[in-house]
Amino acid sequence: MDAIHDMGGKRGFGKIPLEDDYIFRADWQRRAFALVEALAWATPYNTDQHRHAVERVPPEEYLRRDYFENWIIASETLLKEAGLVDQSELEAGLKHFDIDRTKHQPVGSKEIVEATRVGTELRFPDDSQAARFQVGQSVRVSKAQTARHTRVPGYVRGKIGEIVSDEGVFQFADAVAAGTGPAPQHCYNVAFSTSTLWGEDAEAEDRISVDLWESYLEPV
């Protein structure tokens, strides 16, 4: 989705602060992180759908709010869409109605902890899908725009790069976010020169690597 969250390569937002290890600056951020992670195992949405919900936060709110505030807002959106809460409950912090338990089975804390510990396998066998591209091949990133979720950074759209490696076959984030299934395909590490991305006034002539799914790429 083309929205304010895609800030990579954009000018006017100042220098990016670099931190070796991120530390939660407030206890509520720590709790928000844990809550969103737990909800992801217990409710009918996944990480990519959550990312798309973050993308749907209005631009003026997205820029004004803390990173983890946007996480919470996205989770609230998904919980409402799933019929698990309504706006009045979120505002009051009180339960107002009973959910349909034929559609939403209860999940206990032990199940959530175990699911978090085990995780989810997102990779498919490398030979399960034929690769369209080869290492060393030049490719152009599609310019196509979408109102749905996408993992293509805006600054590489339409740009030509070189495939450095085939990372294997993974579920396609765009399809998963749309709820249409895993749609597995190869994901490639593609290198671009900084002058290709930002012109001759780029700060330094270097290369930037981006992991891109096959659907984003076109042969040159």
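I take helices (H or I, at least four residues) and strands (E, at least two) as DSSP runs, numbered from the N terminus. This is a predicted model, where local features need pLDDT of at least 70, side-chain atom pairs count only at pLDDT 80 or more, and totals for chains, interfaces and linings use all residues. Residues are numbered from 1 along each chain as its sequence is written, and side-chain values use heavy atoms, with hydrogens and water left out.

**Overall layout.** I counted 8 helices and 6 strands in the protein. Along the sequence I read α-α-α-α-α-α-β-β-β-α-β-α-β-β. Along the principal axes, the C-alpha atoms fill a box of roughly 60 × 45 × 35 Å.

**Helix 1 with helix 4.** I looked up the angle first. Axes are lines fitted to C-alpha atoms, for helices over the stretch in contact, and angles run from 0 to 180 degrees between N-to-C directions. Helix 1 (residues 27-42) packs on helix 4 (residues 67-81) at about 30 degrees, and their axes are 9 Å apart. The two are therefore roughly parallel. For this label, angles under 35 degrees count as roughly parallel, over 145 as roughly antiparallel, 65 to 115 as roughly perpendicular and the rest as oblique. Next I listed the contact (heavy atoms within 4.5 Å). Helix 1 brings Trp-28, Gln-29, Ala-32, Phe-33, Leu-35, Val-36, Glu-37 and Leu-39, and helix 4 brings Phe-68, Glu-69, Trp-71, Ile-72, Ser-75 and Leu-79. By class, I get 10 nonpolar, 2 polar and 2 charged residues there. Ala, Val, Leu, Ile, Met, Phe, Trp, Tyr, Cys and Pro count as nonpolar, Asp, Glu, Lys and Arg as charged, and the others, Gly among them, as polar.

**Helix 1 with helix 6.** At what angle do helix 1 and helix 6 cross? I found roughly 100 degrees, with the axes of helix 1 and helix 6 (residues 109-118) coming within 9 Å. Helix 1 and helix 6 are therefore roughly perpendicular. Ala-38, Trp-41 and Ala-42 of helix 1 touch Ile-112, Ala-115 and Thr-116 of helix 6. That contact has 5 nonpolar residues, 1 polar and no charged.

**Helix 2 with helix 4.** Helix 2 (residues 47-55) crosses helix 4 at roughly 110 degrees, and their axes come within 8 Å. This pair is therefore also roughly perpendicular. I noted Gln-49, His-50, Ala-53 and Val-54 in helix 2 against Asn-70, Trp-71, Ala-74, Ser-75 and Leu-78 in helix 4. The classes are 5 nonpolar, 4 polar and no charged.

**Second largest pocket.** I read its volume as about 730 Å³. Its lining has 29 residues, and Leu-39, Thr-43, Leu-79, Leu-84 and Val-85 are the closest to its centre. Helix 1, helix 4 and helix 5 (87-92) each give two or more residues to the lining. Which helix gives the most to it? Helix 1 does, with 7 residues. The lining divides into 17 nonpolar, 5 polar and 7 charged residues. A pocket here is an open set of points on a 1 Å grid over the protein atoms alone, where a 1.4 Å probe fits, with protein on both sides within 12 Å along at least five of seven lines; lining residues have an atom within 4 Å of a point.

Terms used: Points joined across faces, edges and corners; volume = space filled by probe spheres on them.
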